[in-house]
Amino acid sequence: QASANLVETKASASRADQATANKLQGVEASLNKIGPFNFSGDLRLRDEPFFGGPADQSQVRNRLRYRLRFNATTKLNDDINGGLSLASGDINDPISSNQTVNQFYTRKSIGIDKAFINYNPHYLKPLTLTGGKFAYPWYNTELTWDRDLNPEGLAQTLAFDLKTPVLNRLALVGFELPFAEV
């Protein structure tokens, strides 16, 4: 009798756990998508130790850093989508959204990391026009372009997917990236 009650109790607990998990997934999905908007973000904390230097270890130190990012994207219709990303970090450092924890009680800045609109006309699917502050519209690696650096201006991409064993995609990218307004 006791073992039968134990089995029933375990089965009941398992059903309750599954129901709770399903409710949490539903709440998470509804929070990630509100209307036509999708939201995401992250927070990272890390300690950066520095070793080496003189024999007296006078340059050995630890630096605490964090990164906070918030992203919102939307698809307005079949032709137009866009997004906005806010990120922490030094406003004068364009390649890092890391913020060093220092200077005691000073406020830390959050800036616009991306703000863009893409136009992809349904009558010419290979064409994408992008404007604003956006991620690179071409394939790249950290070796050639820093992925934390987002260009701003206009970009045009004409990309064709190829089904060949040697070449998967052929893309022509043009861009206008003003460096300074005079």
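## Charges and basis of the model

The 20 positive charges (Lys and Arg) and 19 negative charges (Asp and Glu) of the chain have mean positions 5 Å apart; His and the chain ends are not counted. Each charge is placed at NZ of Lys, CZ of Arg, CG of Asp or CD of Glu.

This is a predicted model, in which local features need pLDDT of at least 70 and side-chain atom pairs pLDDT 80 or more, while totals for chains, interfaces and linings use all residues. Residues are numbered from 1 along each chain as its sequence is written, and side-chain values use heavy atoms, without hydrogens and water.

## Fold and dimensions

The chain holds 1 helix and 9 strands, in the order α-β-β-β-β-β-β-β-β-β. These are DSSP runs numbered from the N terminus (helices H or I, at least four residues; strands E, at least two).

The C-alpha trace spans about 85 × 65 × 40 Å along its principal axes.

## Aromatic cluster

Rings of Phe, Tyr and Trp (its six-membered ring) pair if their centres lie within 6.5 Å; planes under 30 degrees apart count as stacked, over 60 as edge-to-face and the rest as tilted. The count is 4 aromatic pairs. Phe 37 and Phe 39 are stacked, at 6.3 Å centre to centre and 25 degrees between the planes. Phe 39 and Phe 70 are also stacked, at 5.8 Å and 25 degrees. Phe 39 belongs to strand E2 (residues 37–50) and Phe 70 to strand E3 (residues 61–75), so this pair ties together parts 31 residues apart in sequence.

Ring pairs link Phe 37, Phe 39 and Phe 70 into a cluster. Phe 37 is partly exposed at 38% relative accessible area, Phe 39 at 26% and Phe 70 at 37%.

Conventions
Buried < 20%, exposed > 50% of the residue type's maximum accessible area, 1.4 Å probe, protein only.
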